[in-house]
Amino acid sequence: MSVDRRRSMSVLDRSGAKRDLKPTITVYCEGESTEYYYLNDFQLDHRSHDRNVKIVRKGSRIEEMVKEAIERLKSVQKSKTAKDAGDSVWCVFDDDERPRIAEQRMALEREGVQVAFSNPCFELWALYHFRSSVGVLKSKQAQKELQSEKDMASYNHERGARLKYDALKPRYEYAVSNAKNARLCRERDGDPHGNPSTTVHLLLEEIRRVGRDPDNYSKPQGCQ
């Protein structure tokens with residue numbers, strides 16, 4: 001669907017009164033701690049907690065997450081109300097050198113589920129808050145590099161990892177710029193999701209739009 005400006009919409013409920021439609025973003029999130037807590041901190045910071053952003057923590061069950069996200073999107077597509085409101089479904093997960101991960105990602109994109117994908121891992125997104133470019137990394141390397149940053153010294157992936165949101169927040173625009181530049185480089189290499197790359201910023205910009213101005217919400221193109 002093309003990007004278009006959606007003005008405030010309303011429908012009649014059973015009592016005959018009008019109610020405003022606001023988009024719901026359903027986010028299926030892999031990982032027990034890092035991704036989940038960061039996304040929660042981000043949505044609270046951007047006042048989207050009351051704008052129907054729903055984050056579902058799925059742990060490491062990637063196949064289950066993919067299946068559930070596709071089913072959720074099909075429900076959205078069957079609902080005129082949800083479609084009119086501009087509801088979207090997202091999955092957040094990493095490459096992490098796992099077999100068949102590209103198959104899972106392509107299955108989601110084929111069905112129309114939006115993907116916030118990081119290669120090698122979610123920590124790359126955090127690292128882009130401090131560095132304009134990084135080389136090819138394995139997940140443990142990225143986590144170690146992140147921890148070497150002064151403001152992230154307390155981060156430990158093995159101990160219920162939670163990113164220090166207040167340290168990342170003022171560097172957000174810098175991170176988005178770095179993520180975009182890395183993506184362009186990977187596209188020139190012929191592998192848009194290659195290492196290193198992340199599209200987490202696409203989801204975050206979506207959350208910001210809904211929190212900032214839900215009645216003039218424009219649906220993103222997402223990562224295809």
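**Entry 1: Thr24.** I looked up Thr24 and found it in the loop between β3 (18-21) and β4 (25-30); strands are DSSP runs (E, at least two residues) and helices are DSSP runs (H or I, at least four), numbered from the N terminus. The model is predicted: local features need pLDDT of at least 70, side-chain atom pairs count only at pLDDT 80 or more, and totals for chains, interfaces and linings use all residues. Residues are numbered from 1 along each chain as its sequence is written, and side-chain values use heavy atoms, with hydrogens and water left out.

I noted that Thr24 is buried, at a relative accessible area of 9% (buried is under 20%, exposed over 50%, partly exposed in between, with a 1.4 Å probe and protein chains only). Leaving aside neighbours within four places in sequence, I listed Asn52, Lys54, Arg72, Asp87 and Ser88 as its contacts (heavy atoms within 4.5 Å).

**Entry 2: Ser139.** I located Ser139 in helix α6 (residues 139-147). Ser139 counts as buried because its relative accessibility is 8%. Not counting residues up to four places away in sequence, I found that Ser139 touches Asp96, Pro120 and Cys121.

**Entry 3: the second largest pocket.** I recorded a volume of about 300 Å³ for the second largest pocket (the space filled by probe spheres set on grid points, which are joined across faces, edges and corners). A pocket is an open set of points on a 1 Å grid over the protein atoms alone where a 1.4 Å probe fits, with protein on both sides within 12 Å along at least five of seven lines; lining residues have an atom within 4 Å of a point. I noted 18 lining residues, of which Gly31, Glu32, Glu35, Asp94 and His157 lie nearest the centre. Both α1 (34-45) and α6 supply at least two residues of this lining.
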